[in-house]
Amino acid sequence: MMKQKKNAHPFKSDRSAGRLLPILDWIDGIETWNARAGSRYPEANSMAALFARIHRLPAFAGSDAHLKQEVGNGFVTVEAEARSPEAVREALKRPGNPVSGDNCQRKNLAKSQYIYLKKTNAGSFRYLKWSAFAMRCAVRDLLHR
């Protein structure tokens, strides 16, 4: 039996909501904005937003920061009764809160992958593969300025 991959961003690597349906009663909300999710599938965030709307789940956002430059790339705007953790938590539970953010720059994707390669003592072939990835990232950043 194959082990099912767990993913905090369900539409980033698998565009099917099928594996979420059996656990719907245990889901508190859906991350409908993830700054890195669109790097592989541009429609990942919009698919998550649609799933949240259909199932009347609160929307959350995440920077998915792997580097300090990426902190704050995703956010949720809420109107809370007070400035307390409890009031903000209750406001986050309401569906319909505006979710927004900025996509991470591709150079940050490449940099975090490079750090991972160093930590795992990757072999030469993985570094060669990474260099091609880093070049594609640089080109995409230049084209999307």
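Asp141 has its place in helix H5 of this predicted model. Although Asp141 is buried, it forms no salt bridge, since the nearest side chain of opposite charge, that of Arg106, is 5.6 Å away, and a salt bridge is counted only within 4 Å. Leaving aside residues up to four places away in sequence, Asp141 touches Gln105, Arg106 and Lys107.

Arg106 leads on to helix H4, which covers residues 106-119 and has 14 residues. From its first C-alpha to its last, H4 reaches 20 Å, close to the 20 Å expected at 1.5 Å a residue. Its buried residues are Arg106, Asn108, Leu109, Ala110, Ser112 and Leu117, and these pack against helix H5 (124-143). Just after H4, Asn121 takes a positive phi of about 50 degrees.

How many aromatic pairs does the structure hold? There are 2 aromatic pairs, and they are set out below.

| Pair | Distance between ring centres | Angle between planes | Kind |
|---|---|---|---|
| Tyr114 and Tyr127 | 6.1 Å | 70 degrees | edge-to-face |
| Tyr114 and Trp130 | 5.1 Å | 45 degrees | tilted |

Each pair links distant parts of the chain: Tyr114 in helix H4 and Tyr127 in helix H5 are 13 residues apart, while Tyr114 in H4 and Trp130 in H5 are 16 residues apart. Tyr114, Tyr127 and Trp130 form one aromatic cluster.

Methods
Residues numbered from 1 in each chain as written. Predicted model: local features only at pLDDT ≥ 70, side-chain atom pairs only at ≥ 80, totals over all residues. Heavy atoms only, no water. Helix = DSSP H or I, 4+ residues; strand = E, 2+ residues; numbered from the N terminus. Expected span 1.5 Å × (residues − 1). Buried < 20%, exposed > 50% of the residue type's maximum accessible area, 1.4 Å probe, protein only. Contact = heavy atoms within 4.5 Å. Lys, Arg positive; Asp, Glu negative; His and termini not counted. Phe/Tyr/Trp six-rings, centres within 6.5 Å; stacked < 30°, edge-to-face > 60°.
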